[in-house]
Amino acid sequence: MSSVSDWLNRAQTSLTDSESPRADAELLLMHVLDVNRAWLYTWPEKPLTESQQDSLDTLLARRIEGHPIAHLTGVREFWSLPLRVAPSTLIPRPDTETLIEWVLDLDLPDAARAIDLGTGTGAIALAIKSEYPAWSVEAVEFDADAHALAKNNAERLELDIHVIHGSWFERVVGQFDLIVSNPPYIDPDDHHLAEGDVRFEPASALVAEQSGLADLFHIIDHAPDYLKPDGWLLLEHGYDQAKAVCDYLRQKGFVNVQNRCDLGGNPRISGGQLPGVPE
């Protein structure tokens, strides 16, 4: 049987198409052995059992085929929250944490009301609730499996959010201080859909008509009916869609329109504020 270090080195060499072969191999080991990264380096000569090696080799073969690490381990960390993930949802990505950072910069009431549209795993809504326990946080998800997963994540993390099963605003009631969303925004003809992790993610969470802008524009169209005066709308979008989204926000009457860049320096989050009540 192989040792931990033997398997780690073999796996790293096998993952020729991965952008992070060492990290991938470590995550698979940590998942199967139920240990942390420090343990791997403390006990590199620890022999693997036959069962452990079989499980690792099975997962490695699937990773070589391109299956996302998050789907193989069933977990992805977002904003320091360990979220369960599944093929029914978009895998939370570090770039989306830019949206949470923006939320932290906003001047909103101590007991604000916020809603996350198209929540998937619940990542954005749960991150907001973890930062603002006194806020009332809701989330909307259309896919039944993803809706159940978001509820499970909320219950497991003991974060009290209300997860609504529906499409965008159709079952939303009342007005909010903050509306956020990471909706589908990829053009159906984008070649990136045939590359990397997105090959294994649901098209319904990725693709939108009008060159990827249809769902973004739908949310902007209806958000004013659900925002309180001075309320904010923040949207994640494609790296090349900031101008279109900001122009549409201004067209629909939003003020203080601006955007924030992701970890790669691309304008990734755009938002605006509904005008307040005239004095």
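**Helix H11 and its surroundings**

H11 is followed by Gly253, which has a positive phi near 95°. The model is a predicted one.

Q: Which residues of helix H11 are buried?
A: Five residues of H11 (residues 242-251) are named as buried: Ala242, Val245, Cys246, Tyr248 and Leu249.

Q: What covers the buried residues of H11?
A: The cover includes helix H10 (214-222) and strand E7 (227-236). Strands E8 (255-261) and E9 (267-273) are also part of the cover.

Q: Why is Ala244 called partly exposed?
A: Ala244 lies in helix H11. Its relative accessibility is 30%. Buried means under 20% and exposed means over 50%. The value for Ala244 falls in between, so Ala244 counts as partly exposed.

Q: What does Ala244 contact, leaving aside its neighbours within four places in sequence?
A: Ala244 is in contact with Leu213 and Phe217. The C-alpha atoms of Ala244 and Leu213 are separated by 8.3 Å. Along the chain these two are 31 residues apart.

Q: Why is Leu216 called buried?
A: Leu216 has its place in helix H10. Its relative accessible area is 0%. The cut-off for buried is under 20%, so Leu216 is buried.

Q: Which residues does Leu216 touch, not counting residues up to four places away in sequence?
A: Leu216 touches Pro183, Tyr185, Leu235, Glu236, His237, Gln241 and Val245. Val245 is one of the buried residues of H11. The C-alpha atoms of Leu216 and Tyr185 are separated by 7.2 Å. These two are 31 residues apart along the chain.

Q: Is Ser80 buried or exposed?
A: Its relative accessibility is 61%. Exposed means over 50%, so Ser80 counts as exposed.

Q: Where is Glu158, and what is its phi?
A: Glu158 is in the loop between helix H8 (144-157) and strand E5 (162-165). Its phi is near 55°, a positive value in a residue other than glycine.

Q: Why is Glu158 called exposed?
A: Glu158 has a relative accessible area of 71%. The cut-off is over 50%, so Glu158 is exposed.

**The second largest pocket**

Q: What lines the second largest pocket?
A: The lining is Leu27, Met30, His31, Asp34, Val35, Ile69, Thr73 and Val75. The volume of this pocket is about 200 Å³.

Q: Which helices each supply at least two residues of the lining?
A: Helix H2 (21-33) and helix H5 (69-73) do. H2 gives the largest share, three residues.

Q: How do the lining residues divide into nonpolar, polar and charged?
A: Five are nonpolar, two polar and one charged. Asp counts as charged, so Asp34 is the charged one.

Q: Why is Leu27 called partly exposed?
A: Leu27 lies in helix H2. Its relative accessibility is 32%. That lies between the 20% and 50% cut-offs, so Leu27 counts as partly exposed.

Q: What is Leu27 in contact with, leaving aside its neighbours within four places in sequence?
A: Leu27 is in contact with Arg37, Ile69 and Thr73. Ile69 and Thr73 also line the pocket.

**The chain as a whole**

Q: What does the radius of gyration of the protein chain agree with?
A: With 279 residues, a compact globule would have a radius near 19 Å. The protein chain has 21 Å, which agrees.

Q: How many helices and strands does the protein chain have?
A: The protein chain has 11 helices and nine strands. Buried residues make up 48% of its 279 residues.

Technical notes
Residues are numbered from 1 along each chain as its sequence is written. This is a predicted model: local features need pLDDT of at least 70, side-chain atom pairs count only at pLDDT 80 or more; totals for chains, interfaces and linings use all residues. Side-chain values use heavy atoms; hydrogens and water are left out. On a 1 Å grid over the protein atoms alone, a cavity is a set of points where a 1.4 Å probe fits but cannot get out, and a pocket is an open set with protein on both sides within 12 Å along at least five of seven lines; lining residues have an atom within 4 Å of a point. Grid points are joined across faces, edges and corners, and a volume is the space filled by probe spheres set on the points. Helices (H or I, at least four residues) and strands (E, at least two) are DSSP runs, numbered from the N terminus. Buried means under 20% relative accessible area, exposed over 50%, partly exposed in between (1.4 Å probe, protein chains only). Contact means heavy atoms within 4.5 Å. The radius of gyration is taken over C-alpha atoms; the globule rule is 2.2 Å times the number of residues to the power 0.38.
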